[in-house]
Amino acid sequence: MSSRAWLWLVLLLAPVACAESLRIGFGTHKPPYVFEGEHRGLEYDIVAAAVRAAGYDLEVHYAPMERLHLALRRGELDGIATTNRHSGIVAHYSATYIHYHNAAVALAARGYRISTIAELGRYSISSFQRARYLLGPEFQAMADANPRYREEAQQINRNRLLYSGRVDVVIGDPRILRYFNREVAEQVDTRQPLTLYLLFPPTPYSVGFRLPIQRERFDRGLEAIRASGEYLEIERRYADY
């Protein structure tokens, strides 16, 4: 057999190197961070870029946060985004890849004076799933003691509840609230002025992984996209939202 024929035989018999898939769960539609089903968004793009830089193929799953945490515990996912060490589940948490800037928001016409997290206990509140854990122990104590506290699986519902006056206060990132105004404008009066109560420091979010090696590789990928400038380019892409 000639050397050329031998080389072709080796190439044909060699196994095809495929990147390992990483099953990552993202919460439901919350632009500009995650555009569900569109495979884009500020947060989505950062996680996807870090996963690629880590040498994985990304397999995406969307679901409400409570369901994602359950899927991670069952081993049905390798990791979930938009979580942190306060989440209430055991996982291997990555370095922080993004911060949300959550605030308490109310109709300005209500005239509320709220200066502390504890004072939120006087009001009916709608927040996002697992906020009672992710926003820290003081917020959790308030939520646990407040019978009028609720958490919504669908982010858009908070806009409807806020502008219709069905809750006193909503908790969330103002960028998400502003985006959903365009989607509920025919249902409620989104022209009503709002008051933002900046009670929370920026909320750091990580990816919670099942295995430490997955966390370690993701962290290296995250470092790589920061060093290359790709992370900054992703931020610029969503600067107008």
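User: How is the chain divided into domains?

Analyst: Remember that this is a predicted model. Its chain splits into domain 1 (21-99 + 203-238) and domain 2 (103-197).

User: How many residues of each domain are in contact, and what separates the centres?

Analyst: Contact is read from heavy atoms within 4.5 Å. Here, 22 residues of domain 1 contact 16 residues of domain 2. The domain centres, taken over C-alpha atoms, are 25 Å apart.

User: Which feature does UniProt place at residues 21-240?

Analyst: The unreviewed entry gives "domain: Solute-binding protein family 3/N-terminal" there. Over residues 21-240, the chain is 36% helix and 23% strand. The end C-alpha atoms of that stretch lie 32 Å apart.

User: Is threonine 83 buried or exposed?

Analyst: Buried means under 20% relative accessible area. Threonine 83 counts as buried because its relative accessibility is 0%. It sits in strand S3 (residues 79-83).

User: What does threonine 83 touch, leaving out residues up to four places away in sequence?

Analyst: Threonine 83 touches His69, Tyr93, Leu134, Pro204, Tyr205, Ser206, Val207 and Gly208.

User: Which residues form the nonpolar patch on the surface?

Analyst: A patch takes residues with over 30% relative accessible area. Leu194, Leu196 and Leu198 make up this one. Together they have about 290 Å² of accessible area.

Key: Residues are numbered from 1 along each chain as its sequence is written. This is a predicted model: local features need pLDDT of at least 70, side-chain atom pairs count only at pLDDT 80 or more; totals for chains, interfaces and linings use all residues. Side-chain values use heavy atoms; hydrogens and water are left out. UniProt positions are given in the numbering used here, feature names are shortened, and annotations may be inferred rather than shown by experiment. Helices (H or I, at least four residues) and strands (E, at least two) are DSSP runs, numbered from the N terminus. Patches are made of residues with over 30% relative accessible area and no salt bridge: like charges are joined within 9 Å, nonpolar side chains (Val, Leu, Ile, Met, Phe, Trp, Tyr) within 5 Å. Accessible areas come from the Shrake-Rupley method with a 1.4 Å probe; for residues, only the protein chains shown count as cover. A salt bridge is a side-chain nitrogen of Lys or Arg within 4 Å of a carboxyl oxygen of Asp or Glu. Buried means under 20% relative accessible area, exposed over 50%, partly exposed in between (1.4 Å probe, protein chains only). Domain bounds come from an automatic or database domain assignment.
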